Each structure stands twice: as C-alpha cells, then as structure tokens.
Amino acid sequence: MDSPTPPSSPPRVLLIDDDRDVHQAVAVLFGRAGIELVSAMQPEEAYSALELAPADAILLDLNFTRGRTHGEEGFAALARLLGDDPDAAVVVITGHSGIRIAVAAMQAGAIDFVMKPWRNDEVLERVRVALAHRQRRREIAALRQHDGIPADPPRLLGASPAMERVRDLVRRVGPTTANVLILGPAGSGRTLASRAIHHASPRATGELVMLDARAAADPRDDVAAADIERASGGTLLLRHVDRLAEVAQGRLLARLPADIRIIATAETAEPLIPALRARVGTVEIAMPPLTQRGADALLLARHFARAAERRHGKPVLGFMPEAETALAVTSWSDDVRGLAQAVERAVVLGDGGLISEADLGLGPSPAEAPSPAAVASTLNLEESERVLVAAALKRHGFNVSHAAEELGLSRAALYRRMAKHGL
Ligand SMILES: Nc1ncnc2c1ncn2[C@@H]1O[C@H](COP(=O)(O)OP(=O)(O)OP(=O)(O)O)[C@@H](O)[C@H]1O
C-alpha cells in the first residue's frame, strides 16, 4: 500500500462506474480542474486500486448490472468501502429519479450524491466538498497521531463468502480492545488482518509491535519484556506463537500485562497451552487457505499483477484462459504470498503480453493435473469436488460438454458446480 497523497500533489479521486463514457467525460472534467482520476469499472477493481494507492474521495455509481436500478450492488460497495475505511469520503451517483436512493445512501454514510445526467459544475462542487471533508478528517487524525498523517487502512481483498466472514469479524473486533487469535496457513494474510484490526482500534495511534516467535534462536527463549512494554497503548502482535515451546508459552503468559491488546497468529491452535489460548483468543478468526476461496485466487492474481505493473513499470495484458483455470486450482506452498510471488515473477520476466501457465511456473501438461487419489488424500469433500471439476475443465480446454461427460454429470449439473466453486 502506498502512503497517502502528499499535500502538494493533486487530489486523487476514484470513480467507480461501469460506463466508459462517464469515465471519459469525468477524465476531461477532472483534467481541467487539476484532479487526478483513478478509474474502476467494478467495485472489486476499486478495492484493488485503493489497496495500491489511496484515494482522497470516491465517486460511486450504484448500479453495475444492466437493467438494475435499485442500487443493491452500490449499497454493498458503499458498506464495504466504509467498513474498510470509516473515513472514506464517498459521493454516490444515482439516476434521474433516484432521490430516495440518494437519501438512503447518505443515511448509510455517503457524504453527498449527484444525479445523472449531471451538470459539470455540480459534480465538481460535490467532489470538492468530499475532498474538504476528507482533509478535515485527516487533520483531526493527525492531531491525535502526533507523527503525521495516518496511513490508509490495510485491505483484505476477496469476494468469496469465506473472506466476507473474515472481513466481518475484523470489522466487529477491530474497534474493541479484545484479544484475537488468527489461525491459518503461513502466507494466508494473518499479518494483514492483524494490521487491519489494529488500524480500526482505539489504539491505532499507538504502535503495532510485532514479535516473531520464530526469531528466537531457541524455542525456549523468552519473548523480550521490553518489546511487550513498548506495545502498551498500542497492540502487541505475537506472530507464529505456536512455534514457542510450552515452557516459553507459560513464561510469556506470565509476562503479559493485563491492560495490553494482543493479536496472535498461528497455523493451528493445538500446540498452544490452554491458558495461553484462552488469554490471546478471546475471539478466534480462521483465515481460510486460498484454495477455499473460489474465484478469489484469480481476483488476487489480477491485483498482484497490477501491483507488479506499478512497481516495475512493466505493462501486463492479463492471464491466458488456461492460466486462469490453473490459478483457480493451485495450492501454493506459501498460500497468498506464494501466488503474489509467482505473479510478480511472471510480470518481471514476461514480455508484457498475456501471462501463461508456464510463466507462473505451473505445469501445462494434462498429466500433471491432480489425480482423484492425490486429491482425496489431502482435501475435504468440498475442496476435492472443486479441484476435480477444475481439473476436468482444464483437461478439456474448458469445453463444458466434454468435461461433464468425463465427470459423469449433466451439463446443467456441471454448470451448477462451476458456479458454486466460482470457476
Ligand atoms: N486477502 C488479501 N488481500 C490482499 N493481499 C493479501 C491478502 N492476503 C494476503 N495478502 C498479501 O499476501 C502477503 C502475505 O500475507 P501475510 O504476511 O499477512 O501472511 P501471514 O499469514 O501473516 O504469513 P506469515 O506469518 O508467514 O508472514 C502479504 O503481502 C499480504 O499483503
């Protein structure tokens, strides 16, 4: 995530609208007004854009599916934008007769609204009000913070129900001072979730002190008392707490002051002594492995490709269809981090075209597709079904009829399973 816009640079406004003509018109308008436009055609693209570079204000259309006028998608996006960042300055865009919808959006936290078709001066005025609002919020936060403008909130990307549940828990627990134990595979986003919780907490102006239990040369080593002390007033993040030997866990428990907020991460809770688990795990959050997040793998791959594009100045067109299928079924050794590294490598070494399966270091040969036996030994029933369906689709070049025949399913049944698993 980049740092917020420095005061001297032009204000940055994110437009979320599925109409290209609107983007073109706003680009001209903002260009004249000295406002930088960031464009997103869909809400998911917008969350990725915000993670890469924060916006000072957001213009949000409320309908993204042709023929829809009730704004459900826009309201869901508004809730997510404000859930991720309660200080977000959002102006909603509604149709000509949408005054009731506009009022409901303001009740839901939007700062203002504009109605299509709009007058240019009206849009600019609303955007400027939103920018001023955001600036005021930042100044107040900076006064509280003492050491400058606060960073934007970390964002957990993903549209799967599994990630919705994680975001919901993060949102509920963040503003409290409850201790949280985050369980899940290495690289799945546990530290990112910890940052989001700290950022949303009343202790966000204090330090997030990170201690890695793996850093101890000997698992019997103690967690430094001085570090624990530093976290008073902020949050203590104990990473990989399951790597501490039981004796060290006991000593750690004895040293934890009563008034400190603790977030701990571990792969599983089994190695934890019950008293430590009870102390750090007032709320437990299970971070699902990427293979349980359906189409999130592709969504994250696109996000990491955009991030690498920005970081290395190398353009990327996207992913080849077979690479997309492979992404949906690959279990990376380091979960989300493994995916991020593979995508970044592909962008760095690629020629700016479409990223192939081979570019991602994934075997293109059908023989390498998982066999039912291999699948069954490591995954649960749901995951096995997803991997088998994806592998059959891959073997048949995404020909649904052929894949359905191989799986002994009707085409309709296969389509249902594809929808269920986000394939
Ligand atoms: N849902 C997500 N959205 C965006 N980025 C993510 C998401 N999950 C993970 N990442 C990114 O993947 C990388 C690994 O995540 P993170 O460091 O939080 O993992 P972790 O579970 O704490 O692993 P470890 O403890 O081994 O470092 C980070 O760069 C993080 O920003």
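Predicted model: local features only at pLDDT ≥ 70, side-chain atom pairs only at ≥ 80, totals over all residues.
**View 1. The protein chain is divided into domain 1 (12-145), domain 2 (161-286) and domain 3 (291-420) by the domain assignment.** The contact between domain 2 and domain 3 takes seven residues from domain 2 and eight residues from domain 3. On the side of domain 2 that touches domain 3, the residues divide into four nonpolar and three polar, with no charged residue. The secondary structure of the chain comes to 17 helices and twelve strands, and buried residues make up 39% of its 423 residues. Among contacts between residues at least 6 apart in sequence, 72% join residues at least 24 apart.

**View 2. The ligand is surrounded by 16 residues, of which the closest are Leu157, Ala186, Gly189, Arg190 and Thr191.** By class, this shell has seven nonpolar, six polar and three charged residues. At least three residues of the shell come from each of domain 2 (161-286) and domain 3 (291-420), while α7 (190-199) and α13 (335-349) each supply at least two.

**View 3. Thr191, one of the residues closest to the ligand, has its place in helix α7.** Leaving aside its neighbours within four places in sequence, Thr191 is in contact with Arg239 and Thr265. Leu62, by comparison, is 129 residues apart from Thr191 in sequence and 32 Å apart in space, C-alpha to C-alpha.

**View 4. Strand β8 (residues 235-239) is mostly covered, with five of its five residues buried.** Thr235, Leu237 and Arg239 point one way from β8, whereas Leu236 and Leu238 point the other way. In a regular strand the side chains alternate between the two faces of the sheet. Strand β7 (residues 208-212) runs parallel to β8 and is joined to it by five bridges, with Asp212 standing opposite Arg239 in β8. Strand β9 (residues 261-266) also pairs with β8 in the parallel sense, over four bridges, and here Leu238 stands opposite Ala264 in β9. The chain crosses from β8 to β9 through helix α9 (residues 246-255), and this β-α-β crossover is right-handed.

**View 5. His240 lies in the loop between β8 and α9 and has a phi near 55°, a positive value in a residue other than glycine.** His240 is partly exposed because 18 other C-beta atoms lie within 10 Å.

**View 6. Asp335, a residue of helix α13, has a phi near 50°, which is a positive value in a residue other than glycine.**

**View 7. Helix α12 (residues 321-329) is mostly covered, since seven of its nine residues are buried.** Among the buried residues of α12 are Ala323, Glu324 and Thr325, together with Ala326, Leu327, Ala328 and Val329.

**View 8. A cis peptide bond joins Lys116 and Pro117, with omega about -10°.** Pro117 is found in the loop between β5 (112-115) and α5 (120-145).

Conventions:
Residues numbered from 1 in each chain as written. Near = placed C-beta within 6 Å. Nonpolar A, V, L, I, M, F, W, Y, C, P; charged D, E, K, R; others polar. Domains from an automatic or database assignment. Buried ≥ 20, exposed ≤ 12 C-beta atoms within 10 Å, placed from the backbone. Contact = placed C-beta atoms within 7 Å. Pairing = 2+ DSSP bridges. Right-handed = clockwise from strand over helix to strand, strands pointing away.
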